[in-house]
Amino acid sequence: MLKIFNTLTGRKDPFEPLVPGQVRMYVCGVTVYDYSHLGHARSAIVFDVIRRYLEYRGYDVKFVKNFTDVDDKIINRAQELSLPWQAVTARYIDAYYRDMGRLGVCPATVEPKATEHMEEIIRLIRTLVEKGVAYLVNGDIYFEVQKYPAYGRLSKRKLDELQAGARVEVDERKHNPMDFALWKSSKPGEPAWQSPWGPGRPGWHIECSAMSMKHLGDTFDIHGGGQDLIFPHHENEIAQSCSATGKEFARYWVHNGFVQINQEKMSKSLGNFFTIREIFEKFPSSEPVTAEVIRYFLLSSHYRSPMDFSDQALKEAKRTLDGFYDLFLRLEESPRSEGGWDFTLTFEKRDKSDDLNKSDFAESLKRAENITAEEYVGRAIAQKHFYTLFRGVMDDDFDTPSAMALFQVLRHVVNQLLSEKDLSRMSRDEIRNAFLSLGQVLGLFQVPVKDWVFGRKLHKVNLEAELKPKGELAYIQMNPAIDQLVEERNEARRRKDFAKADAIRKKLEEQGIILEDRPDGTTRWKR
Ligand SMILES: [Zn+2]
């Protein structure tokens with residue numbers, strides 16, 4: 001039985017979808033005014049794995065993830081860049097797709113944009129006004145939180161406590177400081193849509209209610225997002241949706257934890273802020289390799305726990321994955337003798353293997369320390385059990401760290417077996433298939449073995465990339481041919497032979513290499 005920690009109830013609830021066999025799931029997507037960062041990568045990968053696991057469990061999943069493509073941040077960004085706001089959103093939606101593609105995140109079933117749902121948004125606001133739970137002030141519409149008595153039920157806060165803690169800058173026009181905007185009148189030059197209350201644009205919270213209910217119905221199964229969205233965003237989504245429909249909105253609320261950088265909160269102002277593209281630049285192995293390294297790192301913590309990003313952690317993830325791919329390479333080798341030892345024949349058959357759970361797993365781990373691999377496999381991780389154990393840990397609120405620990409045990413056992421026995425082709429393939437098919441759920445172990453191993457040799461030096469103070473990225477010089485040209489150019493500059501220096505710069509530019517001369521006299525390059 002799959003159990004999911006539900007923020008709404010504060011406990012792990014057995015998962016029973018509204019319609020048996022089908023899951024309807026909504027996750028708050030990005031506001032497209034900048035490149036996606038590591039926090040976005042975590043959220044995207046967490047819900048990608050949850051979706052993949054639900055599909056692995058046989059559910060038909062309809063997964064909706066939106067784009068917030070109208071927002072104050074977008075308007076500000078457009079002014080900063082002197083671009084039309086549509087150009088800003090188009091640019092960052094493209095960048096988002098590219099980043100997600102690189103990370104191996106599957107596209108959602110529907111990826112709605114707020115600007116394409118104005119009719120639904122306005123209709124929903126009108127319903128709230130008609131029901132008397134929202135009010136108009138100078139072209140703006142506010143939701144009146146006091147009209148929703150259950151306000152605070154997701155974040156477990158009481159309205160009077162919230163009011164007491166509200167910022168001092170009280171907006172006189174609001175009935176209650178916690179009231180929030182559903183519709184904002186537009187100033188000249190800002191994006192505007194016609195509405196019964198004059199030209200304006202929607203507030204952020206109402207977009208998600210309108211889009212989720214349009215694509216998934218008034219009540220649906222799972223609503224997800226980062227923990228920072230619990231209050232006020234998701235609290236407000238619940239208040240306005242339930243007030244409009246009189247029905248429950250989402251039934252299971254799933255929230256992923258933060259990413260910290262070197263034990264500090266990730267923020268632009270602290271300068272320890274990584275975009276997804278910067279991380280790929282930092283670890284420029286082949287993209288599928290880097291994607292698995294990032295995924296392995298992000299999934300090595302439980303999705304609800306906070307996690308700390310550091311170069312060291314990423315390097316460790318790479319090393320661990322190298323260990324797995326070393327095993328896959330061993331498995332690809334031909335058996336020494338015709339036939340070889342048949343691993344599957346020694347599998348213990350346990351009919352009630354569905355009963356296996358995490359404590360069995362802990363027990364297996366304990367036993368693994370003291371017995372030989374053969375005994376161990378014979379007794380504990382028969383292949384059927386391995387699949388069941390995997391399901392057992394993932395059923396426990398998507399416990400990916402335990403799933404990865406399981407893979408480690410299997411790796412250990414198989415490595416030992418390969419040293420002791422000449423495994424048959426069939427056994428080797430079966431083991432490899434277990435890694436491939438279950439790894440698919442996590443988005444791991446999918447790179448062709450030769451690509452991984454070859455790529456590692458080529459790019460070993462990249463792992464030495466250092467995180468510079470303030471999060472500045474060190475561009476990694478790893479190509480001796482390019483390094484040599486850069487050196488020749490610097491030599492030419494020292495001799496004041498600028499014609500030659502420029503020629504070299506041009507030559508490199510033609511190869512897509514951009515040089516950056518540093519104040520300290522060194523030159524870095526990047527593609
Ligand atoms: Zn949302």
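**Entry 1: H1 and H9**

I began with helices H1 and H9, which are roughly perpendicular to each other. The model is a predicted one. For H1 (residues 38-56) and H9 (residues 287-299), I noted a packing angle of about 85 degrees and axes 10 Å apart. I then listed the residues in contact. H1 contributes Ala41, Arg42, Ile45, Asp48, Val49 and Arg52, and these meet Ile294, Arg295, Leu298 and Leu299 of H9. Sorted by class, the contact of H1 with H9 holds six nonpolar and four charged residues, with no polar ones.

**Entry 2: H2 and H3**

Next I looked up helix H2 (residues 72-81) against helix H3 (residues 85-103). Their axes come within 8 Å and cross at roughly 105 degrees. This angle makes H2 roughly perpendicular to H3. From H2, the residues Ile74, Arg77, Ala78 and Leu81 meet Trp85, Val88, Thr89, Arg91 and Tyr92 of H3. I recorded the classes in the contact of H2 with H3 as six nonpolar, one polar and two charged residues.

**Entry 3: H10 and H14**

I turned to helix H10 (residues 311-332) and helix H14 (residues 400-420), whose axes come within 10 Å and cross at roughly 40 degrees. H10 and H14 are therefore oblique to each other. I also checked the hand of the crossing of H10 and H14, and it is left-handed. On the H10 side I found Thr320, Gly323, Phe324, Leu327, Arg330 and Leu331. They meet Phe407, Gln408, Arg411, Val414, Asn415, Leu418 and Ser419 in H14. The contact of H10 with H14 comprises six nonpolar, five polar and two charged residues.

**Entry 4: two backbone details**

I looked up the peptide bond from phenylalanine 231 to proline 232 and found it cis, with omega near -5 degrees. Proline 232 belongs to helix H7 (residues 230-245). I located asparagine 138 in the loop between strand S5 (134-137) and strand S6 (140-143).

**Entry 5: a sheet of three strands**

Last, I traced an open sheet formed by three strands in the order S12-S11-S13, with mixed pairing. I asked which strands stand at its edges. They are S12 (264-265) and S13 (307-309); each has a single partner strand, so one side of each is left without a neighbour in the sheet. In general, the strands of a sheet pair through backbone hydrogen bonds, either parallel or antiparallel. Here, S11 (residues 259-261) and S12 run antiparallel and are joined by two bridges. I also noted that isoleucine 261 has glutamate 264 in S12 as its bridge partner.

Technical notes:
Residues numbered from 1 in each chain as written. Predicted model: local features only at pLDDT ≥ 70, side-chain atom pairs only at ≥ 80, totals over all residues. Heavy atoms only, no water. Pairing = 2+ DSSP bridges. Helix = DSSP H or I, 4+ residues; strand = E, 2+ residues; numbered from the N terminus. Axes fitted to C-alpha atoms, helices over the stretch in contact; angles between N-to-C directions. Parallel < 35°, antiparallel > 145°, perpendicular 65-115°, else oblique. Left-handed = near helix turned anticlockwise from the far one by under 90°. Contact = heavy atoms within 4.5 Å. Nonpolar A, V, L, I, M, F, W, Y, C, P; charged D, E, K, R; others polar.
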